[in-house]
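Please read the points below with the structure open beside you, and follow each residue in the display as it is mentioned.

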Amino acid sequence: MPLHMTKIAYRSGTLENLRAWVEAGPEALMTTRYCPKRHEEMVGGSLYWILEHAIVARSEILGFEQREDRRWTIRLAPKLILVHPKAKRAHQGWRYLTDRMAPPDLAEGEQAGDALPGKLIRKLAALGLD
């Protein structure tokens, strides 16, 4: 069972922009300063994207490669898979996520709009109603 991680999609701003970036080429390449210590367990897992304080989508992790400048590239499959939004506080870097903690994918034909907006999910979670 692969390990997953969460990451804030801070440069994307919207789900549409995130999808355009992830699905633009044969792979989506994300650069990071440090490689996760448990990166070997994450190949085949997913990077869960956070927008507006909610996990909203995921991308499959294909691998990790160190660059010449000593930074790391995280290789992602060029497909954004929408998930049932789940409240998630902002954080720097990445956080590990187990299968048990990961939100389920949206069903075939289910629209992201069928799920609650991120801001509302965050407020419900604060009330203990998530």
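1. Val 83 is found in strand β6, residues 81-87, where helices (H or I, at least four residues) and strands (E, at least two) are DSSP runs, numbered from the N terminus. At 1% relative accessibility, Val 83 counts as buried; buried means under 20% relative accessible area, exposed over 50%, and partly exposed in between, with a 1.4 Å probe and protein chains only. Leaving aside its neighbours within four places in sequence, Val 83 is in contact, that is, with heavy atoms within 4.5 Å, with residues including Tyr 48, Ile 55, Val 56, Pro 103 and Leu 106. By contrast, Leu 29 stands 54 residues from Val 83 along the chain, and 21 Å separates their C-alpha atoms.

2. A word on the basis of these values: this is a predicted model, in which local features need pLDDT of at least 70 and side-chain atom pairs count only at pLDDT 80 or more, while totals for chains, interfaces and linings use all residues. Residues are numbered from 1 along each chain as its sequence is written, and side-chain values use heavy atoms, with hydrogens and water left out.

3. On the overall fold, the protein has three helices and seven strands, and from the N terminus on its elements run β-α-β-α-β-β-β-β-β-α. The radius of gyration, taken over C-alpha atoms, is 14 Å, close to the 14 Å that the globule rule (2.2 Å times the number of residues to the power 0.38) gives for 130 residues, so the protein is as compact as a globular protein of that length. Buried residues make up 38% of the 130 residues, and of the contacts with a separation of 6 or more, 67% are between residues 24 or more positions apart.

4. How is β1 placed in the structure, enclosed or open? Four of the five residues of β1 are buried, so this strand is largely enclosed by the rest of the structure. Strands pair if DSSP finds at least two bridges between them; β1 is joined by four bridges to strand β7 (residues 94-97), running antiparallel, with Arg 95 in β7 as the bridge partner of Thr 6. With strand β3 (residues 46-51), β1 pairs in the parallel sense over four bridges, and there Ile 8 stands opposite Ile 50.

5. The loop between β3 and β4 (54-66) holds Glu 52, and His 53 is found in that loop as well. Most residues other than glycine have a negative phi. Glu 52, however, has a positive phi near 50°, and the phi of His 53 is also positive, at about 65°. Both deserve a look in the display: Glu 52 is partly exposed, with a relative accessible area of 47%, and His 53 is partly exposed at 33%.

6. The largest pocket has a volume of about 510 Å³. A pocket here is, on a 1 Å grid over the protein atoms alone, an open set of points where a 1.4 Å probe fits, with protein on both sides within 12 Å along at least five of seven lines, and lining residues have an atom within 4 Å of a point. Of the 19 lining residues, the closest to the centre are Lys 7, Tyr 10, Arg 11, Met 30 and Thr 31. β2 (28-32) is among the elements that supply at least two lining residues, and β2 gives the most, with four.

Definitions and conventions. Grid points are joined across faces, edges and corners, and a volume is the space filled by probe spheres set on the points.
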